Amino acid sequence: AGINSSHGEYIAFLDSDDWVTPDCYEYMLRLAVANQADMSDIMIYQVKSEQDQIPAVEEKIEVYTGRDILEHYMYRGMSEQNGAPYSACRKLYKRELLSDDTANFVEGTVNEDICFNFRILRKCSKIVVSNQIKYLYFQGEDSITNGAMKKKDLALLTVSHDLVELAEESGDKKIIELAKMKEARSDFSLLARAAKDGIDENSIESPDELLEELRRRLRKNLMLLLRSPMSFARKVLVVAFATNYRLSKKMLQMLHVLN
């Protein structure tokens, strides 16, 4: 509705339970204009309250053009531990990019940002990325990304598969490989979510069968994930989940307590 009602030259998105720094959009607009970019991107920081301290980092700005735009997007999606680049809320878009196949989000699903941004980025000639934290991503107990895994969370599997199809349209082998790595990691992400927070059995039928199917696919794609840009710690967990789910569950819960 917001996209359809908008008339400005640029568009940004803000989730209802998040907040931004006072200069967030001024900063992003300045980046876009100064670099003649179609889109600007800043860093997200996860917070649990307004009292959380935001770390200060020395400014680093990078500009990407051509095929490097999509490769950068896909690589960061696999390599970054927190604040992966998929969220639409961390970006400022030229409004002209949001037309035709990028005019709307897919309704009634989660993780829709992943393909939404891929479609937009393939239209871009240039983007600018800053490491400055300007968007505060609230992670409370009732957050959509917390709590027991529900049926709607399985949309990640469909979205990841759709991403592979979009990547294949590019004909770029590296981008396709990174998309397949993302699809394979989705099985791990859901296993880790179930291990950490449990499964809502009122929402998901036959949870044991679901877990076994996720583990089967994880074992099948194990080597693909091991050569991916994922962190070493996550690769260790991937191997653990592929071999022994119960032990992996205890490991993950112990790490969660330590954090």
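Reader: How many helices and strands are there in the protein?
Author: The model is a predicted one. In the protein the secondary structure comprises six strands and 10 helices.

Reader: Which radius of gyration does the protein have, and what would a compact globule have?
Author: The C-alpha atoms occupy a box of roughly 50 × 45 × 35 Å along the principal axes. For 259 residues, a compact globule would come near 18 Å, and the value for the protein agrees with this: 19 Å.

Reader: What share of the residues of the protein count as buried?
Author: A residue is buried if its relative accessible area is under 20%. Of the 259 residues, the share that counts as buried is 45%.

Reader: What part of the accessible surface belongs to carbon and sulfur atoms?
Author: The accessible surface of the protein is about 14000 Å². Carbon and sulfur atoms hold 50%.

Reader: What percentage of the contacts with a separation of 6 or more comes from residues 24 or more positions apart?
Author: A contact here requires heavy atoms within 4.5 Å. Among contacts in the protein with a separation of 6 or more, residues 24 or more positions apart account for 77%.

Reader: How far apart are the mean positions of the positive and negative charges?
Author: The protein carries 35 positive and 41 negative charges. The distance between their mean positions is 6 Å.

Reader: How far apart are the end C-alpha atoms of helix α5?
Author: Helix α5 covers residues 155-170, which is 16 residues. At 1.5 Å a residue it should span 22 Å, and the model agrees, with its end C-alpha atoms apart by 23 Å.

Reader: Which helices do the buried residues of α5 pack against?
Author: The buried residues of α5 include Leu156, Val159, Leu163 and Leu166. Ala155, Ser160, Val164 and Ala167 are buried in α5 too. The packing partners of the buried residues are α3 (68-79), α4 (113-121) and α6 (173-197).

Reader: Is Gln36 buried or exposed?
Author: Gln36 sits in the loop between α2 (24-34) and β3 (39-47). Its phi is positive, near 50 degrees, although Gln36 is a residue other than glycine. Most residues other than glycine have a negative phi. The relative accessible area of Gln36 is 66% and the cut-off is over 50%, so Gln36 is exposed.

Reader: What is the relative accessibility of Ser206?
Author: Ser206 is in the loop between α6 and α7 (207-220). Ser206 also has a positive phi, about 50 degrees, without being a glycine. Ser206 counts as partly exposed because its relative accessibility is 39%.

Reader: Which residues does Asp200 touch, not counting residues up to four places away in sequence?
Author: Asp200 lies in the loop between α6 and α7. Asp200 and Gly147 are 53 residues apart in sequence, while their C-alpha atoms are 8.8 Å apart. With residues up to four places away in sequence not counted, Asp200 touches Ala148, Met149 and Lys150.

Reader: Which residues does Pro229 touch, not counting residues up to four places away in sequence?
Author: The loop between α8 (222-226) and α9 (232-243) holds Pro229. Pro229 and Leu178 are 51 residues apart in sequence and 8.9 Å apart from C-alpha to C-alpha. With residues up to four places away in sequence not counted, Pro229 touches Tyr75, Met78, Ser79, Leu178 and Met181.

Terms used. Residues numbered from 1 in each chain as written. Predicted model: local features only at pLDDT ≥ 70, side-chain atom pairs only at ≥ 80, totals over all residues. Heavy atoms only, no water. Helix = DSSP H or I, 4+ residues; strand = E, 2+ residues; numbered from the N terminus. Rg over C-alpha atoms; globule rule 2.2 N^0.38 Å. Buried < 20%, exposed > 50% of the residue type's maximum accessible area, 1.4 Å probe, protein only. Areas by Shrake-Rupley, 256 points an atom, 1.4 Å probe, with all protein chains shown as cover. Lys, Arg positive; Asp, Glu negative; His and termini not counted. Charge placed at Lys NZ, Arg CZ, Asp CG, Glu CD. Expected span 1.5 Å × (residues − 1).
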